[in-house]
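Hi everyone, and thanks for coming. Please bring up the viewer, and we'll walk through this one together.

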Amino acid sequence: MDMLGVILITVLFGSASTAHAQSLDLLRQGLPDSVMSWTKGEEDRVYDDRTIFDYIDGAAEVYRAYNMQGCLSRRYVTPRGPAIILDIFDMGSSEDAYGVFTHDQDGERLNLGQGAYFRAGWLSLWKDRFFVSIYAERETEASRAAVLALGQTVALLIKDDGPKPRILSSLPHQGLHGESIKFFHDHVVLNRHYYLTTENMLNLGKTTDAALASYSRESGSARLLYVEYPDQESAKAAHEAFLRHYLPDAGPSGMALLENKQWCGVRLKGKGLAIVLEADRRELAETLLKEVME
């Protein structure tokens, strides 16, 4: 590679990194120094995809699986209550910010940002490329009010909305439990929601988009996994691996009855791979596979 190429790459990557840093820095400049009786404590901390393990070791791998670019952390303290911790994650894209948000959708749904939940002193929300986590070390009426007020402020600081992952449009609508949807790339995240195997049998990774969702219809309930691969060859290899290792008893239709009396089925079309992981009835599994491929 010539020197001009090296310079261009350096400029492009440097500009991208600066854009991420500036976006978090701009949000930091707009953050309030106080919320009700809480005031900013120690200096803000900023983490990248490596140093994030020093901060949240247990969950750091999840953020890395969604291509985290950076995290801004601020602590608010008060002499009359628990500390409140604000974490703003720049996920690089609104799709991945949404994905992190879907990782845990328990709690009371709120009209903040593009989606928010509150439970046990913890508020999570997403807007554009940012995932925001605000929690009180102990929940009180005052800390709840402060957490919600801070969440409203942060949501307003993020000026733009961002699109959800395109793959969601492929999920059948009838009977879909919206709050069950999980969007991800990595098999480690899949196994947290539905354990298949320790091996990356479906060859999931940064170049794959995947959605997992639950359904209820008159004919029963089911769970559907849909994956989009970068090319048809990758999808075909994953299809063959799933049949070989997970569903060896499947017939030509790609359907099999599991030991737990649930139906499992798989279908391949182009770059898309659809798997009904469990369904109460065979007809429901076949219908979902047909619909997602349409």
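Let me begin with a term: a salt bridge is a side-chain nitrogen of Lys or Arg within 4 Å of a carboxyl oxygen of Asp or Glu. Before we use it, some ground rules. This is a predicted model, where local features need pLDDT of at least 70, side-chain atom pairs count only at pLDDT 80 or more, and totals for chains, interfaces and linings use all residues. Residues are numbered from 1 along each chain as its sequence is written, and side-chain values use heavy atoms, with hydrogens and water left out.

Now, how many salt bridges does the structure hold? The total is 15. As background, side chains of opposite charge can pair when their charged atoms come close.

Please find E291 and R217. These two form a salt bridge, with 2.7 Å between the closest N and O atoms. E291 sits in helix α8 (residues 282-293) and R217 in strand β11, so this pair ties together parts that are 74 residues apart in sequence. When I say helix or strand, I mean DSSP runs, numbered from the N terminus: H or I of at least four residues for helices, E of at least two for strands.

Is R217 buried or exposed? R217 counts as buried, because its relative accessibility is 14%. E291, at 26%, counts as partly exposed. The cut-offs are under 20% relative accessible area for buried, over 50% for exposed, and partly exposed in between, using a 1.4 Å probe and protein chains only.

Next, go to strand β6. E108 in β6 (residues 108-110) pairs with R144 in helix α5 (residues 141-157), linking distant parts of the chain that are 36 residues apart. Their side chains meet in a salt bridge at 3.1 Å, N to O. Here R144 is partly exposed at 29%, and E108 is partly exposed at 39%.

R109 also has a partner: E179 forms a salt bridge with R109, and their closest N and O atoms are 3.7 Å apart. E179 lies in the loop between α5 and β10 (182-184), while R109 is in strand β6, so the pair ties together parts 70 residues apart in sequence. E179 counts as partly exposed because its relative accessibility is 40%.

Let's move on to open spaces. I'll be using a 1 Å grid over the protein atoms alone: a cavity is a set of points where a 1.4 Å probe fits but cannot get out, a pocket is an open set with protein on both sides within 12 Å along at least five of seven lines, and lining residues have an atom within 4 Å of a point. Grid points are joined across faces, edges and corners, and a volume is the space filled by probe spheres set on the points.

The largest pocket holds about 250 Å³ of space. Its lining has 18 residues, and the closest to its centre are I56, A59, Y63, W122 and F131. Which element gives the largest share of that lining? That would be β9, with 3 residues. Several elements supply at least two residues each, including α3 (60-65), β5 (84-90) and α4 (94-102). By class, this lining has 11 nonpolar, 3 polar and 4 charged residues. For the classes, Ala, Val, Leu, Ile, Met, Phe, Trp, Tyr, Cys and Pro count as nonpolar, Asp, Glu, Lys and Arg as charged, and the others, Gly among them, as polar.

The second largest pocket has about 160 Å³ of space. Among the residues lining it are S23, L26, L27 and D128. Helix α1 (residues 3-30) provides the largest share of this lining, 3 residues. The classes here come to 5 nonpolar, 1 polar and 3 charged.

What about closed space? There is 1 cavity of 30 Å³ or more. The largest cavity has a volume of about 50 Å³, and its lining includes H187, N191, E199 and L204. That lining divides into 5 nonpolar, 4 polar and 1 charged.

Two last stops. G205 lies in the loop between α6 (187-193) and β11 (209-217), and G205 counts as buried at 17% relative accessibility. G205 and Y66 are 139 residues apart in sequence, yet 9.9 Å apart in space, C-alpha to C-alpha.

Finally, H239 is in helix α7 (residues 232-245). H239 is buried, with a relative accessible area of 17%. Beyond its neighbours within four places in sequence, H239 is in contact (heavy atoms within 4.5 Å) with V266, L268 and L273.
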